[in-house]
Amino acid sequence: MSGTRAFLVRRLIALLVVTALAVIALLAAYFGVSRNSAAVTDRSTPAILQVAAAIDALDASYDEAKRSISSPTAEFEGLSEEYHNKLSTAKQSLAQVSKSTIGGESARGSLRTTAALVTSYGDTIEQAYASRDNPTLKNAYMRYADSILRHADSGILDRLKAVQKRQFSVLDDQTSFGWLLSFAWWLLVPGLFLTLAALLVHTQRFLRRRFRRLVSPWLAAATALLVALLPLAVFTYQTQDRLESARTSLTRSTIGRTGGPTAREVARTMRSAQWQAGAVGWIPVGGAVLAALILVGLQPRIDEYRFQPR
C-alpha cells in the first residue's frame with residue numbers, strides 16, 4: 001500500500017471514529033437536557049401542586065371547623081360547607097397524587113398513611129361537633145384533631161411537607177444542568193466537533209494538493225453540516241432556561257392556593273420545549289448523513305490512488 005493511500009485510509013477511519021464519538025456525545029448531551037421537559041409538565045407539576053393544595057386545604061380546615069363548631073347556629077347548620085369543601089379538596093388531591101407522585105415508593109407509602117390519617121382527622125372533627133354541648137369533651141376532640149393534623153413529624157402536615165421536600169428534590173434534579181451536562185456542552189461536544197472540523201479542513205487541503213481538485217463537494221457538505229450544532233446549542237439553552245423558570249413557578253409559597261394558574265403558567269413556559277425535545281431524533285440521522293458524506297468524499301480517492309504509480 002502506498003504512503004498516500006495509507007494516509008487516506010487512516011484519515012477515513014479517524015474521521016468516522018471522531019464522527020461517531022461526536023454524535024454520541026451530542027445525542028447524550030442534548031437528551032440529558034431535553035428528556036425532562038415532558039416529565040416536568042406531565043408528572044412533576046400536577047404532583048407538586050396536588051400535595052401543596054392538600055397542605056393548604058387541611059391547614060385551613062381546622063380553623064374553619066373550630067369556627068363552625070363554636071358558631072351559635074352550629075346546631076342547625078352543622079359543620080360549614082367551607083370546611084367540607086376543604087376536606088374534600090384534600091382527599092381528592094391525595095387520591096390523585098398517590099397515583100403519580102414523583103417522590104418514589106416511599107412517598108407513595110407516606111401518602112397512603114396520610115390519607116388514612118385524614119379520614120381519622122375528619123372523624124374526630126365530627127365527634128367534636130357531636131360533643132359541642134360538652135365543652136370538655138369537645139375541646140378534647142379538637143386537641144386530638146389538632147394533634148393528628150399538626151403533631152411534629154408524625155402529623156398530617158409534616159408528612160405532606162416531607163413528601164413535598166422529596167418532590168422538590170426530584171424537580172431540582174430534573175431542572176438542573178449539573179456538572180456532567182456542563183462538561184458535555186462546554187468541553188466534550190465542542191472539543192469533538194472542533195476536532196472533526198479541523199480534520200475535515202486538513203483533509204480537503206491535502207486532497208487539493210495531492211489530487212489537484214479545487215474542492216471536494218462531499219467533504220465541503222460534511223463540514224457545512226457541522227453548523228447544525230449551533231441551533232441545537234441554542235435549543236439547549238432555551239430548554240434549560242424554561243426548566244429553571246418552571247422550577248421557580250413550582251417552588252413559590254403560594255402554589256397551594258394558585259394551582260390552576262401555576263399549572264397553566266408551567267404549561268406555557270414548557271410548550272416550546274416539547275417540540276425542541278423532538279429534535280433529539282434528528283441527531284443520529286444527521287450523524288449518519290455526515291458519515292456518508294465523508295465516506296463518499298474519501299473512498300473514491302482511495303480507490304483512485306490504488307491505480308496510481310508509487
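Predicted model: local features only at pLDDT ≥ 70, side-chain atom pairs only at ≥ 80, totals over all residues.
The largest pocket has a volume of about 420 Å³. It is lined by 18 residues, and those closest to its centre are Trp 185, Trp 186, Pro 190, Leu 229 and Ala 233. Helix 10 gives the largest share, with eight residues. Sorted by class, the lining holds 14 nonpolar residues, two polar ones and two charged ones.

The second largest pocket contains about 250 Å³ of space. Its lining has 16 residues, and nearest its centre lie Ala 228, Leu 232, Trp 282, Ile 283 and Gly 286. Two or more lining residues come from each of helix 1 (3–34), helix 10 and helix 12 (282–305). Here the largest share belongs to helix 12, which provides five residues. In this second lining, 14 residues are nonpolar, two are polar and none is charged.

Next come the charged side chains. The whole structure contains seven salt bridges. One of them joins the side chains of Asp 59 and Arg 150, with 3.0 Å from N to O. This pair ties together distant parts of the chain: Asp 59 belongs to helix 2 (residues 36–70) and Arg 150 to helix 6 (residues 135–150), and 91 residues separate them. How exposed are the two partners? Asp 59 has a relative accessibility of 35%, so it counts as partly exposed. Arg 150 is also partly exposed, because its relative accessible area is 31%.

Arg 150 has another partner. Asp 146 forms a salt bridge with Arg 150, and their closest N and O atoms are 2.9 Å apart. Both residues of this pair sit in helix 6, where they are four residues apart, or about one turn of the helix. Asp 146 has 26% relative accessibility and so counts as partly exposed. Taken together, Asp 59, Asp 146 and Arg 150 are linked in a network of salt bridges.

A further salt bridge is found between the side chains of Lys 86 and Glu 82, at 3.2 Å from N to O. These two residues are four apart in helix 4 (residues 81–100), so about one helical turn separates them. Lys 86 is partly exposed because its relative accessibility is 22%. Glu 82 is partly exposed as well, at 38% relative accessible area.

The surface also has a nonpolar part. Trp 179, Leu 180, Phe 183, Trp 186, Leu 187 and Leu 188 make a nonpolar surface patch of about 770 Å². One of these residues, Leu 187, is located in helix 8. Leu 187 has a relative accessible area of 56%, so it is exposed; the cut-off for that class is over 50%. Trp 186 belongs to this patch and is also among the residues closest to the centre of the largest pocket.

Two single residues complete the tour. Gln 174 is part of helix 7 (residues 156–175). Is Gln 174 buried or exposed? Its relative accessibility is 10%, so it counts as buried, the limit for this class being under 20%. Gln 174 also brings separate stretches of sequence side by side in the model: Gln 174 and Asn 36 are 138 residues apart in sequence, yet their C-alpha atoms are 5.8 Å apart in space.

The other residue is Asp 153, in the loop between helix 6 and helix 7. Its phi is near 70°, a positive value in a residue that is not glycine. Most residues other than glycine have a negative phi. Asp 153 is exposed, because its relative accessibility is 67%.

Note on methods:
Residues numbered from 1 in each chain as written. Heavy atoms only, no water. 1 Å grid on protein atoms, 1.4 Å probe; cavity = no way out; pocket = protein on both sides within 12 Å on 5 of 7 lines; lining within 4 Å. Points joined across faces, edges and corners; volume = space filled by probe spheres on them. Nonpolar A, V, L, I, M, F, W, Y, C, P; charged D, E, K, R; others polar. Salt bridge = Lys/Arg side-chain N within 4 Å of Asp/Glu carboxyl O. Buried < 20%, exposed > 50% of the residue type's maximum accessible area, 1.4 Å probe, protein only. Patch = residues over 30% accessible without salt bridge, like charges linked within 9 Å, V, L, I, M, F, W, Y side chains within 5 Å. Areas by Shrake-Rupley, 256 points an atom, 1.4 Å probe, with all protein chains shown as cover.
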